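Thanks for coming, everyone. I have one protein chain to walk you through today. Please look at the sequence and the structure first.

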Amino acid sequence: MSAPYQLTPLAETRPGMVLSDVVRDGKGNVLLAQGIVLTESMLASLGRHGIDLLPILQAVPAPPPVDPAAIQARLDHLFRKHDRDDLADWATGILRRYVEDYRLQREVGA
């Protein structure tokens with residue numbers, strides 16, 4: 001289980017929740033696969049198999065929105081010893097553009 005999860009009692013589990021790992025019965029048989037979206041009938045069936053806890057995938061918070069001004073200010077600080085208009089320092093210019101594209105989440109052509 002690499003994704004954040006929480007063991008949730010079956011009574012608190014609701015349809016629409018997602019399993020973060022496989023669910024096995026007492027004999028080791030797979031009852032439900034990882035990533036399954038739970039339904040009401042699945043939850044009822046798990047109760048009949050004696051399952052008390054389920055590994056439920058936790059929602060991952062969305063990353064904060066990109067602030068272009070803050071990113072530019074940070075890049076200006078990181079590249080403060082290099083003149084942006086100096087054509088002789090082309091390697092640093094390319095590096096800055098790559099870092100800027102990455103941080104601003106721009107699509108880079110293949």
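A word on ground rules. This is a predicted model: local features need pLDDT of at least 70, side-chain atom pairs count only at pLDDT 80 or more, and totals for chains, interfaces and linings use all residues. Residues are numbered from 1 along each chain as its sequence is written, and side-chain values use heavy atoms, with hydrogens and water left out.

Layout, then. The protein chain has three helices and four strands. Starting at the N terminus, the order is β-β-β-α-β-α-α. Helices here are DSSP runs of H or I with at least four residues, strands are runs of E with at least two, and numbering goes from the N terminus.

How spread out is the chain? Its radius of gyration is 24 Å, well over the 13 Å that the globule rule gives for 110 residues, so the chain is more spread out than a compact globule. That radius is taken over C-alpha atoms, and the rule is 2.2 Å times the number of residues to the power 0.38. Along the principal axes, the C-alpha trace spans about 75 × 25 × 20 Å.

Now burial. Of the 110 residues, 21% count as buried. Buried means under 20% relative accessible area, exposed means over 50%, and partly exposed is in between, with a 1.4 Å probe and protein chains only.

Next, salt bridges. The whole structure has five of them. The criterion is a side-chain nitrogen of Lys or Arg within 4 Å of a carboxyl oxygen of Asp or Glu.

Keep your eye on E100. Is E100 buried or exposed? E100 counts as buried, because its relative accessibility is 9%.

One partner of E100 is R84, at 3.9 Å, N to O. E100 sits in helix α3 and R84 in the loop between α2 (68–78) and α3, so this pair ties together parts that are 16 residues apart in sequence. R84 is exposed, at 56% relative accessible area.

Another partner is R96, also bridged to E100 at 3.9 Å, N to O. These two are four residues apart in helix α3, so about one helical turn separates them. Both E100 and R96 are buried.

E100 also bridges to R106, at 3.1 Å, N to O. R106 is partly exposed, with 42% relative accessible area. Through shared partners, salt bridges join D76, R84, R96, E100, D101 and R106 into one network.

On to the surface. Which residues make the positive patch? R74, R80, K81 and R103 do. Patch residues have over 30% relative accessible area and no salt bridge; like charges are joined within 9 Å, and nonpolar side chains (Val, Leu, Ile, Met, Phe, Trp, Tyr) within 5 Å. Lys and Arg count as positive and Asp and Glu as negative; His and the chain ends are not counted. Each charge is placed at NZ of Lys, CZ of Arg, CG of Asp or CD of Glu. R103 belongs to helix α3 (residues 90–103). R103 is partly exposed, at 35% relative accessibility.

There is a nonpolar patch too. Y5, L7 and L53 make it, and its area is about 290 Å². Accessible areas come from the Shrake-Rupley method with a 1.4 Å probe; for residues, only the protein chains shown count as cover. Y5 lies in strand β1 (residues 5–9). Y5 is partly exposed, at 37% relative accessible area.

Last stop, Q105. Q105 lies in the segment after α3. Q105 has a positive phi of about 55°, although Q105 is not a glycine. Q105 counts as exposed, at 59% relative accessibility.
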